[in-house]
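The following note sets out numbered points on the structure shown below. Each point may be read against the coordinates.

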Amino acid sequence: MRFLVDRCAGHRLAEWLHNKGHDALEALALGPDPGDKALLELAEAENRILITIDKDFGELIFLHRVSHAGLIRLPDVRMSQRIEMVEEIIEAYGPELEERAVITLQGRRIRISHPPSN
C-alpha cells in the first residue's frame, strides 16, 4: 500500500511502514508544511492513504468534499501505540482503505466512513 504520513503521526510510523514493504512518504520530507488541504490533495494525486493525528482532515473530506485516496485518523492514539494500531487497521481493513475509506480510531473503537463521491 502507499501512504503519506503526516508530520504529527511520526517518523517511527513511516519508517515501520517502509520496513513492512509499504511505500511510505513522510510529509516532513516535502519541505515546509503546505497545509492540510494541499497535503490531502497531494495524497490523492499520488494515490496515498494519509495517516494523521489531526482532526481537520475529516472536515475537509466530509464538509468541503476535498478528494482523497483514503485516510487513517489516530486522534487519541499515543505515539507508543501507533504502530500496533496501524498494523491492526491495515490487516483488518485493507480492502476498505483501498476503497478510499476514512478510518478513525478513538480509544479501541474503530469507525469506518465512506464519504460521498465528488
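1. A residue is called buried when its relative accessible area is under 20%, exposed when that area is over 50%, and partly exposed in between. The model discussed here is predicted. By this definition His-68 is buried, because its relative accessible area is 9%.

2. The surroundings of His-68 may be described next. His-68 is found in the loop between helix α3 (56–62) and strand β4. A polar atom of the His-68 side chain lies 2.9 Å from the backbone nitrogen of Gly-70. Not counting residues up to four places away in sequence, His-68 touches Leu-40, Glu-44, Ile-61, Arg-100, Val-102 and Pro-115. Two of these names, Leu-40 and Ile-61, return in point 6.

3. The sheet is open and consists of six strands, in the order β2-β1-β3-β4-β5-β6, with mixed pairing. Its edge strands are β2 (23–26) and β6 (109–113), each of which pairs on one side only. On average, neighbouring strands of this sheet are turned by 20° against each other, direction ignored. Strand β1 (residues 2–5) pairs with β2 in the parallel sense, over four bridges. Within this pairing, Phe-3 has Ala-24 in β2 as its bridge partner.

4. Two helices are to be considered with the sheet. Helix α1 (residues 11–19) lies across β1, β2 and β3 (49–52), and runs at about 160° to β2. Helix α4 (residues 79–98) packs on the sheet as well, touching β1, β3, β4 (71–73), β5 (102–106) and β6. The direction of α4 makes about 150° with that of β5.

5. Which residues of the largest nonpolar core touch the most other members? This core has 21 residues, and those in question are Leu-13, Leu-17, Ile-51, Ile-72, Leu-74 and Val-86. Two or more residues each come from β1, α1, β3, α4 and β5. Helix α4 gives the most to this core, with five residues. Leaving aside neighbours within four places in sequence, Leu-13 is in contact with Val-5, Ile-51, Arg-82, Ile-83 and Val-86.

6. Ile-83 is found in helix α4. Not counting residues up to four places away in sequence, Ile-83 touches Arg-12, Leu-13 and Trp-16. Ile-83 and Leu-17 are 66 residues apart in sequence, while their C-alpha atoms are 8.4 Å apart in space.

7. The structure holds five salt bridges. In one of them Arg-2 pairs with Asp-23, the closest N and O atoms being 2.7 Å apart. Arg-2 lies in strand β1 and Asp-23 in strand β2, so this pair ties together parts that are 21 residues apart in sequence. Both partners are partly exposed: Arg-2 has a relative accessibility of 32%, and Asp-23 has a relative accessible area of 31%.

8. What does the side chain of Asp-23 meet in a salt bridge of 2.9 Å, N to O? The partner is the side chain of Arg-48. This pair links distant parts of the chain, with Asp-23 in strand β2 and Arg-48 in the loop between α2 (36–45) and β3, 25 residues apart. Is Arg-48 buried or exposed? Arg-48 counts as buried, because its relative accessibility is 7%, and the cut-off for burial is under 20%.

9. The side chain of Arg-48 also meets that of Glu-46 in a salt bridge, at 2.8 Å from N to O. Glu-46 counts as partly exposed, at 29% relative accessibility. Through salt bridges that share partners, Arg-2, Asp-23, Glu-46 and Arg-48 are joined into one network.

Technical notes
Residues are numbered from 1 along each chain as its sequence is written. This is a predicted model: local features need pLDDT of at least 70, side-chain atom pairs count only at pLDDT 80 or more; totals for chains, interfaces and linings use all residues. Side-chain values use heavy atoms; hydrogens and water are left out. Two strands pair if DSSP finds at least two bridges between them. Axes are lines fitted to C-alpha atoms, for helices over the stretch in contact, and angles run from 0 to 180 degrees between N-to-C directions. Contact means heavy atoms within 4.5 Å. A nonpolar core is a set of buried Ala, Val, Leu, Ile, Met, Phe, Trp, Tyr and Cys residues joined through side-chain atoms within 4.5 Å. Buried means under 20% relative accessible area, exposed over 50%, partly exposed in between (1.4 Å probe, protein chains only). A salt bridge is a side-chain nitrogen of Lys or Arg within 4 Å of a carboxyl oxygen of Asp or Glu. A polar contact is a pair of N or O atoms within 3.5 Å; within protein, one must be able to donate a hydrogen and the other to accept it, and residues adjacent in sequence count only if both atoms are side-chain atoms.
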